[in-house]
Amino acid sequence: MTDDFDTVSEDELHAYVDGHLSEPERERIETWLKMHPAEAEEVRQWQAQAAALKQHFAAYARSDASDRQLVIAHSRSTEAPSVAPLLRRAAAALLIFVAGALTGAFAPRFVAPVDPRASTTAVQSLSEQAQSAFLVYASEVRHPVEVGSDQQAHLATWLGKRLDYDLKLPDLSTLGFSLVGGRLVPVNGTAGAMLMYEDATGRRLTVLLGRNPQNRETSFRFASHAGLETFYWIDREIGYAVTGDVARDLLKKIAEECYRQFEGTSAS
Amino acid sequence: MSHGRDGPGSGAEAKGSAPDEFESDVLALMPALRRYSRSLARSDSDGEDLLQDCVERVLARRSQWRGVNLRAWAFTIMTNLYRNRHRRQAQHPEVELEEDLAAEETSADPIERRRLERALNRLSVENRSVLMLVVVEGYRYQDVAEMLAIPIGTVMSRLSRARRQLAEAMKEDNVIALRRPK
């Protein structure tokens, strides 16, 4: 190709710096760099950075005398509670299959246009409150919740009573998240509930529920602040907000799944 | 107490006995995990805290490990813990730089080392972890995308931003630091 030299992308320059290219590709980039001094200078900086970083942290790649004790102590004292029984997983899989088949019925609601400025103060503050709750509690390593997932029935009854609402804890296992637990949090100046979920690698998300004094409905809305994202909606007397540390597509699926499961609750 | 996975050496042994297979695998990863935790952290003690939390979690979650690539799984857990913690630290960004445990073992100029640390501390959590996974830990872009559950395009844009911001921060930081007394 005659235009070979004009087709070097920035991704290829990174791959060149990181040594992910084949020999002919390397040669092509090097020839191109000779004709593009500004890019060549930037690539040189990146190479220098990479060398400095490798050298800077190399000395930390060592074992420590206490490692063995650390590993064995944690391994034998903090075994996690067992994973969900197979039967429950199968039931949940069936549920999401059925829910998937029904998606069409909900679709108009989810694709309603979202204008952030149209949201009411109450809705706006719901997403903000959800994000601060997430920021405060998701970073807690040891005590993120007041009542753990080992007492699910108690958790649902307790938070449901404070919220004056028949609270059913959403099962998000089909999406890879299991319940960590929940706590009571203030929402709009009154008792609200926060549920926390986590995937196997420790990625966390929270579901916040608060009473909505205005008793109205909204479509699905989305708020993003400093890299933290929240999907939220109001359904009559309760406002819901799903906040997480996960990709937006997945977070939306989770919010939709919560919506379906909560919808089941309030319709009954 | 039983341990989810059966294998040579696992199971019914008493406390303090030889590590089982999973524990041995984790032990073998400690140097790599220590380096990665330090490359994310602001100080040596911060790095050790992160490492301990990570090891604790890896062992507590051993029954959820799917049996493929323990190293990548542990790195993902470390990255998530780092992001969780960092949210809290973001409200108090200034942390005293402590003595480097490893400083004596490297030939690099201590002034340069501090300059690099300061520049790294200006990167966002997301950009920093991608940079370290690619440059220091040698992962391929596709592997990083899978480990962090993000599209490969996001990996590339974070890498690009990290490199440019780091270069920029190194350029700006021309303050002469006091040389540490030997």
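**Figure 1. B:Asn121 in a loop of chain B.** In this predicted model, B:Asn121 has a relative accessibility of 18% and therefore counts as buried, the limit being under 20%. B:Asn121 sits in the loop that joins helix H4 (110-120) to helix H5 (125-136) of chain B. The side chain of B:Asn121 forms a polar contact of 3.0 Å with the side chain of B:Arg128. Apart from neighbours within four places in sequence, the residues in contact with B:Asn121 are B:Arg42 and B:Arg128.

**Figure 2. B:Arg71 in helix H3 of chain B.** B:Arg71 belongs to helix H3, which covers residues 70-89 of chain B. The relative accessible area of B:Arg71 is 24%, so the residue is classed as partly exposed, a class that lies between 20% and 50%. When residues up to four places away in sequence are not counted, B:Arg71 touches B:Leu29, B:Ala32, B:Arg35, B:Glu137 and B:Tyr139. B:Val26 lies 45 residues from B:Arg71 along the chain, and the C-alpha atoms of the two are 8.4 Å apart.

**Figure 3. Packing of helices H6 and H7 of chain B.** Helix H6 (residues 141-148) packs against helix H7 (residues 152-172) in chain B, with an angle of about 105° and a distance of 8 Å between the axes. Because this angle falls in the range of 65 to 115 degrees, H6(B) is roughly perpendicular to H7(B). H6(B) contributes B:Tyr141, B:Gln142, B:Val144 and B:Ala145 to the contact, while H7(B) contributes B:Ile152, B:Val155, B:Met156 and B:Leu159.

**Figure 4. Two buried cysteines, A:Cys258 and B:Cys54.** A:Cys258 has a relative accessibility of 0% and so counts as buried. B:Cys54, in chain B, is likewise buried, and its relative accessible area is 0%. A disulfide is a covalent bond between the sulfur atoms of two cysteines.

**Figure 5. Chain B as the setting for the views of its residues and helices.** Chain B contains seven helices and zero strands, and its elements run α-α-α-α-α-α-α from the N terminus on. The chain has 182 residues, of which 55% count as buried. Among contacts in chain B with a separation of 6 or more, 68% are between residues 24 or more positions apart. The accessible surface of chain B is about 8,500 Å², and carbon and sulfur atoms account for 52% of that area.

Technical notes. Residues are numbered from 1 along each chain as its sequence is written. Chains are lettered from A and ligands numbered from 1 in the order in which they are written. This is a predicted model: local features need pLDDT of at least 70, side-chain atom pairs count only at pLDDT 80 or more; totals for chains, interfaces and linings use all residues. Side-chain values use heavy atoms; hydrogens and water are left out. Helices (H or I, at least four residues) and strands (E, at least two) are DSSP runs, numbered from the N terminus. Buried means under 20% relative accessible area, exposed over 50%, partly exposed in between (1.4 Å probe, protein chains only). A polar contact is a pair of N or O atoms within 3.5 Å; within protein, one must be able to donate a hydrogen and the other to accept it, and residues adjacent in sequence count only if both atoms are side-chain atoms. Contact means heavy atoms within 4.5 Å. Accessible areas come from the Shrake-Rupley method with a 1.4 Å probe; for residues, only the protein chains shown count as cover. Axes are lines fitted to C-alpha atoms, for helices over the stretch in contact, and angles run from 0 to 180 degrees between N-to-C directions. Angles under 35 degrees count as roughly parallel, over 145 as roughly antiparallel, 65 to 115 as roughly perpendicular and the rest as oblique.
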